Amino acid sequence: MSMNMVGRSTEFRVKVGSKPTLQLTITDDAGTAKNLSNTVTYNTGKWKVWKPDGTLIINGNIIYDTRSSGIVTYTLVTSDTVIANAGNWSGEIELLDNSGAISEQTKTFNFVIEYFL
């Protein structure tokens with residue numbers, strides 16, 4: 001069962017069983033797209049979504065789509081959008097450096113997995 005989460009300026013809304021490619025522009029505090037061309041600082045990344053109790057339901061590898069414009073993508077897989085994951089959750093993107101340490105985390109976003117009978 002999901003809980004009502006605090007509203008955020010970014011929300012992703014997908015349906016159970018769907019596997020769309022999601023896109024997010026990483027920005028700085030002023031809202032300007034961040035240049036992610038430095039592959040030492042921004043080597044890999046994770047798309048993370050979790051339940052209020054901290055259970056991760058999505059922990060997938062992002063793709064740097066357009067590094068100079070801060071655009072990253074993640075394509076959902078079947079296990080991300082199973083019925084058991086339906087609800088209103090929180091998510092973030094973790095950018096990892098070339099040693100696997102977190103170099104940056106985005107602001108959290110709402111992530112809704114809808115299930116209709």
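The protein has a radius of gyration of 14 Å, which agrees with the value near 13 Å that a compact globule of 117 residues would have (taken over C-alpha atoms, with the globule rule set at 2.2 Å times the number of residues to the power 0.38). This is a predicted model, so to speak of local features takes a pLDDT of at least 70 and side-chain atom pairs count only at pLDDT 80 or more, while totals for chains, interfaces and linings use all residues. Residues are numbered from 1 along each chain as its sequence is written, and side-chain values use heavy atoms, with hydrogens and water left out.

Laid along the principal axes, the C-alpha atoms fill a box of roughly 45 × 25 × 25 Å. On the secondary structure side, there are zero helices and nine strands (DSSP runs, numbered from the N terminus: H or I of at least four residues for helices, E of at least two for strands). As for contacts (heavy atoms within 4.5 Å), 65% of those with a separation of 6 or more link residues 24 or more positions apart. Of the 117 residues, 38% count as buried, meaning under 20% relative accessible area with a 1.4 Å probe, protein chains only.

Then there is Trp-89, which sits in strand β7 (residues 87-96). Trp-89 counts as buried because its relative accessibility is 1%. Its side chain reaches the backbone oxygen of Asn-85 at 2.7 Å. Arg-13 lies 76 residues from Trp-89 along the chain, and 10 Å separates their C-alpha atoms.

Technical notes
Buried < 20%, exposed > 50% of the residue type's maximum accessible area, 1.4 Å probe, protein only. Polar contact = N/O pair within 3.5 Å; in protein donor to acceptor, adjacent residues only side chain to side chain.
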